[in-house]
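Please keep the structure in view while reading.

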Amino acid sequence: MRPEGCAMWSRKRLDIGWSDLLFGVSRVCFPPHRKTAAAHLERLWPADEHTLACLSVRSGFDLLLGALELPHGSEVLVSAITIPDMIRIIEQHGLVPVPVDLDPQRMTPTLDQWWQAITPASRLILAAHLFGARTEMEPVLDLARRHGLMVVEDCAQAFAGAGYQGHLQADASMFSFGTIKASTALGGAILRIGDRRLLARMQTAQAAYPVQGRWPYLQRLAKCAVLKGLACRPICGLFIRACQAIGCDYDRLVNHAARGFSAADFFVQIRRQPSASLLAVLAHRLQGYDSRRLERHVANGRALAALLQETVSCPGAAVAPHTYWVFPILIDEPRRLIEHLARAGFDATQGHSLCVVRPPAGLGQRAIAAERMLAKLVFLPFYPELPVRESLRMADVILEAAGERKRENREKRGQNYSSGESF
Ligand SMILES: *Cc1c(COP(=O)(O)O)cnc(C)c1O
């Protein structure tokens with residue numbers, strides 16, 4: 001069971017090749033004309049007259065809320081799990097984020113849960129496709145239409161190449177190419193905006209922003225090269241051990257390195273236009289997109305889910321279409337399983353980037369199912385570079401650990417029972 005030495009499958013592999021990084025460096029040194037690069041990129045999305053390239057999804061969402069000018073205190077219904085910055089942006093615009101709890105199997109609120117959360121102050125639904133599982137939009141769009149609400153799809157975790165580029169009836173669909181996302185360009189986002197007048201207002205606002213410098217972009221390329229190096233199987237294990245030896249929190253270190261914007265002057269940082277170099281790299285990534293690689297990965301994801309599902313819960317795994325951008329499972333004692341997996345050479349993590357949205361004082365209810373789920377979530381190392389035989393070995397470790405726990409529970413119950421009886 002134990003692999004040689006301390007070789008370790010890292011929790012994450014950045015989805016970008018060395019040749020893409022080199023291409024990036026060349027575009028930092030010889031940047032194209034920015035407006036031409038933006039137009040070229042937007043033409044790669046169907047209906048470029050509805051498309052806007054931004055520095056990040058957070059930048060684009062901030063532009064969208066700015067251009068909408070919703071009345072102060074309007075409620076935004078959000079699927080209860082997302083990244084904290086999305087909530088921060090909603091609040092910055094004087095709006096009230098109201099969490100809507102999720103159905104853990106499908107990783108999205110049920111139609112009834114959306115419906116129950118609607119009040120006269122509701123204006124907008126922000127629905128996230130989590131983990132790569134793309135949920136059905138039609139029922140939500142229908143419901144929203146009946147109540148006069150707008151619908152924004154957060155597709156940051158669900159990019160699937162030309163397979164999906166936003167629902168045509170959604171008011172906005174947002175795709176992220178940030179560092180940890182699929183097909184990353186180390187930043188950048190593409191938004192599809194339904195209403196062209198709204199898009200025009202967003203374009204005008206964005207045109208007044210300063211442009212992201214190309215040297216900060218070069219820094220990102222360099223950081224990414226380091227993270228890629230550290231994720232190599234022989235190096236990853238050594239690096240984790242070194243961190244432990246000097247008492248450094250490896251999880252936070254990696255999260256910090258992959259993060260796009262620092263917390264301090266967050267809005268100054270997101271309110272920038274993407275650099276010409278970034279736009280060129282993003283276009284390069286879209287044009288070079290390998291859909292066969294995705295297909296193979298999806299098939300492996302389905303196979304892994306089929307192996308595990310009888311014994312452990314795999315949230316969202318049954319949803320189709322699914323890209324398995326990440327592969328989470330729910331487990332009672334996450335720390336224990338993580339240690340088990342580490343001993344077998346798999347670097348799983350509880351993840352620290354997602355949060356459960358808290359309801360505003362006096363409004364709505366806590367998203368209990370989401371809270372319970374997040375506490376039990378373990379993200380497995382799962383990416384196209386993980387060979388099938390290794391993913392089978394990982395499944396064995398998980399099933400064995402879960403089986404052991406079940407046996408222990410049974411024994412505990414047996415003890416209680418027999419002690420009760422002897423009394
Ligand atoms: C990553 C992510 C975002 C933000 O994307 P950026 O392009 O980095 O701003 C938004 N929502 C969800 C659910 C995400 O996972």
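A residue counts as buried under 20% relative accessible area, as exposed over 50%, and as partly exposed in between. In this predicted model, Cys-232 has a relative accessible area of 31% and is therefore partly exposed, whereas Cys-355, with a value of 18%, is buried.

A disulfide is a covalent bond between the sulfur atoms of two cysteines, and here a pair is counted if the sulfur atoms lie within 2.5 Å. For Cys-232 the closest cysteine sulfur belongs to Cys-236 and is 9.2 Å away, which is too far for a bond. For Cys-355 the closest one, in Cys-155, is 18 Å away, again too far for a bond. By this rule the count of disulfides is zero.

## Two helices side by side

The axes of helix α3, residues 57–68, and helix α4, residues 84–92, come within 10 Å and cross at roughly 20 degrees, so the two helices are roughly parallel to each other. The crossing of α3 past α4 is right-handed.

Where they meet, α3 contributes Val-57, Arg-58, Phe-61, Asp-62 and Leu-65, while α4 contributes Asp-85, Met-86, Ile-89 and Ile-90. Sorted by class, this contact has six nonpolar and three charged residues, but no polar ones.

Is Asp-62 buried or exposed? With a relative accessible area of 3%, Asp-62 is buried. Leaving aside residues up to four places away in sequence, Asp-62 touches Ile-89, His-93, Tyr-209, Phe-267, Ile-270 and Arg-271.

Definitions and conventions:
Residues are numbered from 1 along each chain as its sequence is written. This is a predicted model: local features need pLDDT of at least 70, side-chain atom pairs count only at pLDDT 80 or more; totals for chains, interfaces and linings use all residues. Side-chain values use heavy atoms; hydrogens and water are left out. Helices (H or I, at least four residues) and strands (E, at least two) are DSSP runs, numbered from the N terminus. Buried means under 20% relative accessible area, exposed over 50%, partly exposed in between (1.4 Å probe, protein chains only). Contact means heavy atoms within 4.5 Å. Axes are lines fitted to C-alpha atoms, for helices over the stretch in contact, and angles run from 0 to 180 degrees between N-to-C directions. Angles under 35 degrees count as roughly parallel, over 145 as roughly antiparallel, 65 to 115 as roughly perpendicular and the rest as oblique. A crossing is left-handed if the near helix is turned anticlockwise from the far one by less than a right angle, and right-handed if clockwise. Ala, Val, Leu, Ile, Met, Phe, Trp, Tyr, Cys and Pro count as nonpolar, Asp, Glu, Lys and Arg as charged, and the others, Gly among them, as polar.
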